[in-house]
Amino acid sequence: MVKEPVRILIVGGGYVGMYTALRLQRKLKPELKRGEVELVVVSPDPYMTYQPFLPEAAAGSISPRHVVVPLRRVLDRCRIVIGEVRSIDHARRTATLSTLATEEGAGTEQLTYDELVLAPGSISRALPIPGLADFAIGFKTVEEAIGLRNHVIEQMDIASSTRDPAIRDAALTFVFVGGGYAGVEALGELEDMARYTARYYHNIEPADMKWILVEASDRILPEVGEEMGTYTITQLRRRNIDVRLKTRLDSCADRIAVLSDGARFPTRTVVWTAGVKPHPVLAASDLPLNERGRLRCTPRLTVDGAPHAWAAGDAAAVPDVTAAETGRETAPNAQHAVRQAAVLGDNIAHSLRGEPLETYAHKYVGSVASLGLHKGVAHVYGRKLKGYPAWFMHRVYHLSRVPTFNRKARVLAEWTLAGLFKREIVSLGSLEHPRAEFELAAGGKHPLDPKLDPKGSS
């Protein structure tokens, strides 16, 4: 009788999903060649997004296609399925997934597996704030980053082409909610880009623009420490950015951002970066979750009490064995995710071969953050850097971490060219509606008709 290969199902194609699959390709190379193991990666996108580069992509320093890594090219020994896992019945070792064909009427698929790796990542944590779902923009995907860049430049075009002070003021007011990495880096890079772009508008000055950062806690960038967080606030305020701590967004209905301190800002731009929450597929499984909805894991990256189930990254509550206090978990960030993926891949290989498993242990080394061109903060191995040295460290670190030599070379080439030539200030918002002109020519309604597009953005 022909023995069926061991199927390893990897849910998610982000940091953990892609790096785990890469590790398994190397570790299980003999088994893959003999057909004893099958690797299946299910991901909603055919690429992995290197999220630390999203702010630079939004600012135009890096091309969007160089922020992503094509899964089919990198994972050449894996079967790539573009779709989403809707539910998991681990007791029966079955996953229900929808693919692009499902939208065409093909129905959902049932996929059986022997080993399960859950790495679906996280999604934006949206609160029930009036107007948030209708008008806000997220900042987790490359599409959102490029859409935000196009939107900011479009608002400058709107302000430049009107004499109505109310429309102009709303177009040049940009509200960012969330003082973590995503919010601060996105704000810093886009403000820097818009400040540069303003020199090409005859009637817009940098001082005409209002940039507002709203943070519910009493500090920003907690990962770089209190001193560097305070320095960041000082630097942002010197750039005329309004930083509001201990403040919440209460509403953004009718294009008016209402804050908990009573301030009201007519605006066409609200960027939401206020935290994330576990992927819904975790709740649609029979696997054990903690009080925050993350998978209960052991230090060996197995799901606690669920044999043949593994997890890491944002979806996993992994005990931090390096912490002095008990019960502490590793932070859900890229630094841990990449290292957890390596141990996870090794442990799955060890498990299949009957070898002892390794324990994940990594002491947090620090963080770096960019605040725009030649500006940044860093707290690494106890050393604090700011300004140009921190910005340079930010670029060197992330260049070393972006997957594949191909992407490293392309990003480095783009940075070099950006240093030699002027910035691009073009908005390609029409890319989001490629059939617009043809539909209009064919007698249909323009998709950007305000009656059809409540957001009114390209």
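## Exercises on a predicted model

**Exercise 1. Which residues does His 279 touch, not counting residues up to four places away in sequence, and is His 279 buried or exposed?**

Solution. In this predicted model, His 279 touches Glu 84, Pro 120, Gly 121, Ser 122 and Ile 123, with residues up to four places away in sequence not counted. The next step is to locate the residue, and His 279 is found in the loop that runs between strand S18 (276-278) and helix H10 (280-283). Its relative accessible area is 16%, and since buried means under 20%, His 279 is buried.

**Exercise 2. Where does His 336 lie, and with which residues is His 336 in contact once its neighbours within four places in sequence are left aside?**

Solution. His 336 belongs to helix H11 (residues 334-352), and its relative accessibility of 3% makes it count as buried. Leaving aside the neighbours within four places in sequence, the contacts of His 336 are Thr 330, Ala 331, Tyr 360, His 362 and Tyr 364.

**Exercise 3. How many aromatic pairs does the structure hold, and why is the pair of Phe 174 and Trp 211 stacked?**

Solution. The structure holds eight aromatic pairs. For Phe 174 and Trp 211, the ring centres are 4.3 Å apart and the planes stand at 25°, so the pair is stacked, given that planes under 30 degrees apart count as stacked. Because Phe 174 lies in strand S11 (residues 173-177) and Trp 211 in strand S12 (residues 210-214), the pair ties together parts that are 37 residues apart in sequence. Phe 174 and Trp 211 are both buried. Elsewhere, one aromatic cluster is formed by Tyr 15, Tyr 50, Phe 53 and Trp 415.

**Exercise 4. How many residues has the largest nonpolar core, and which helix gives the largest share of this core?**

Solution. The largest nonpolar core has 112 residues, and those with the most contacts inside it include Phe 176 and Trp 211. Helix H6 (residues 142-160) supplies the largest share of this core, eight residues. Apart from neighbours within four places in sequence, Phe 176 is in contact with residues among them Leu 148, Leu 187, Trp 211 and Val 271. A second, separate core has 16 residues, including Ile 129, Val 177, Cys 252 and Val 270.

**Exercise 5. Which residues form a nonpolar patch on the surface?**

Solution. The patch is formed by Tyr 388, Phe 392 and Val 396, which together have about 310 Å² of accessible area. Phe 392 is placed in helix H12 (residues 388-401), and with 45% relative accessibility Phe 392 counts as partly exposed.

How values were computed
Residues numbered from 1 in each chain as written. Predicted model: local features only at pLDDT ≥ 70, side-chain atom pairs only at ≥ 80, totals over all residues. Heavy atoms only, no water. Patch = residues over 30% accessible without salt bridge, like charges linked within 9 Å, V, L, I, M, F, W, Y side chains within 5 Å. Areas by Shrake-Rupley, 256 points an atom, 1.4 Å probe, with all protein chains shown as cover. Salt bridge = Lys/Arg side-chain N within 4 Å of Asp/Glu carboxyl O. Helix = DSSP H or I, 4+ residues; strand = E, 2+ residues; numbered from the N terminus. Buried < 20%, exposed > 50% of the residue type's maximum accessible area, 1.4 Å probe, protein only. Contact = heavy atoms within 4.5 Å. Phe/Tyr/Trp six-rings, centres within 6.5 Å; stacked < 30°, edge-to-face > 60°. Core = buried A, V, L, I, M, F, W, Y, C linked by side-chain atoms within 4.5 Å.
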